[in-house]
Amino acid sequence: MPYLTSVRPGTASTGVRTGFGIPGFAHPLVAPTEWNELARPGTPLHWVVLNVAGGPGVRPDPLCLEAADRLRNAGVRVLGQVDTAYGLRTLGEVIADAHRFVDWYRADGFLLGRCPAEPAALPGVRRTVATLRVIRDDAHIVLGHGTHPYPGYAECADQLVTFSGRWSDYRWSQVAEWTADHPPERFCHFVHGVPGAHLDEALRIARWQGAATIYFTDHTDRGGRTDPWEALPGYWDEIVSRIGTGVSE
């Protein structure tokens, strides 16, 4: 299969533990079970994205703060979802959202949604990331490209989302050769529409493509009409068990 054509040397024995990056559940009022599950001891979480209303919202939300604090007290990073609109939003707009996430929800970092991936946009993303690190000097910053970006982006953030999309595309995807120069903990994959019967295959693809942070769900976007990330997958307990026991490694 295509995902086996570019194998990063030594990936299978790096010792890096696969864990979840949660792209952002629905509001805690709508999805209380989801947020409560994340605080369960032993869940292999790398971080959880907080997306109040397409960003931080217009005023502090006590339910979101409570959910974020519960996770933080459990030792889990909470990242604010900041939309870059593929570089169309101004630096001021992006930084204003980031300030709200820090001031209202004590965010530990940021996921830059709809992050541009082309070389021409790299200087602007660098400026944005540098400013975010001033706001939160120990911020964990994830660039949400959803595809393999120009290699230079790997130098300005902690992690890159190099795949975000359907299982039907993921199972035939190829990893960019330049990613072999970086360890698996630098890359994230978000895949929706993964049938439970194909979990093992999905985990093998993530392993061989060198992504240590993952999120798989059986929910779909129904042709772009729904958000597949808002609810827990039907096989949540199963995949938590597999990741927690190191099956994917």
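Phe-101 and Tyr-105 stand 4 residues apart in helix H3, so about one helical turn separates them. Helices here are DSSP runs of H or I with at least four residues, strands are runs of E with at least two, and both are numbered from the N terminus. The model is a predicted one, in which local features need pLDDT of at least 70 and side-chain atom pairs count only at pLDDT 80 or more, while totals for chains, interfaces and linings use all residues. Residues are numbered from 1 along each chain as its sequence is written, and side-chain values use heavy atoms, with hydrogens and water left out.

A pair of aromatic rings is described by the distance of the centres and the angle of the planes. Rings of Phe, Tyr and Trp (its six-membered ring) pair if their centres lie within 6.5 Å; planes under 30 degrees apart count as stacked, over 60 as edge-to-face and the rest as tilted. In the whole structure, 12 aromatic pairs are found. For Phe-101 and Tyr-105, the ring centres are 6.2 Å apart and the planes meet at 50 degrees, so this pair is tilted. Phe-101 is buried, at a relative accessible area of 1%, and Tyr-105 is buried with a relative accessibility of 1%. Buried means under 20% relative accessible area, exposed means over 50%, and partly exposed lies in between (1.4 Å probe, protein chains only). Elsewhere, ring pairs link Phe-25, Trp-35, Trp-47, Phe-190, Tyr-215 and Trp-229 into a cluster.

Trp-47 is also among the residues touched by Gln-159. Gln-159 is placed in strand E6 and is buried, with a relative accessibility of 4%. Its side chain is joined to that of His-140 by a polar contact of 3.0 Å. A polar contact is a pair of N or O atoms within 3.5 Å; within protein, one must be able to donate a hydrogen and the other to accept it, and residues adjacent in sequence count only if both atoms are side-chain atoms. Leaving aside residues up to four places away in sequence, the contacts of Gln-159 (heavy atoms within 4.5 Å) include Ile-141, Val-142, Glu-185 and Thr-213.

Strand E6 also takes part in the largest pocket, giving the most to its lining, with 3 residues. A pocket is found on a 1 Å grid over the protein atoms alone, as an open set of points where a 1.4 Å probe fits, with protein on both sides within 12 Å along at least five of seven lines; lining residues have an atom within 4 Å of a point. Grid points are joined across faces, edges and corners, and a volume is the space filled by probe spheres set on the points. The largest pocket has a volume of about 690 Å³. Of its 31 lining residues, Gln-81, Gly-113, Arg-114, Ser-164 and Trp-229 are the closest to the centre. The lining consists of 12 nonpolar, 14 polar and 5 charged residues. Ala, Val, Leu, Ile, Met, Phe, Trp, Tyr, Cys and Pro count as nonpolar, Asp, Glu, Lys and Arg as charged, and the others, Gly among them, as polar.

The second largest pocket holds about 170 Å³ of space. Two or more lining residues come from each of helix H3 (91–105) and helix H4 (122–135), and H4 gives the most, with 3 residues. The lining divides into 6 nonpolar, 5 polar and 1 charged.
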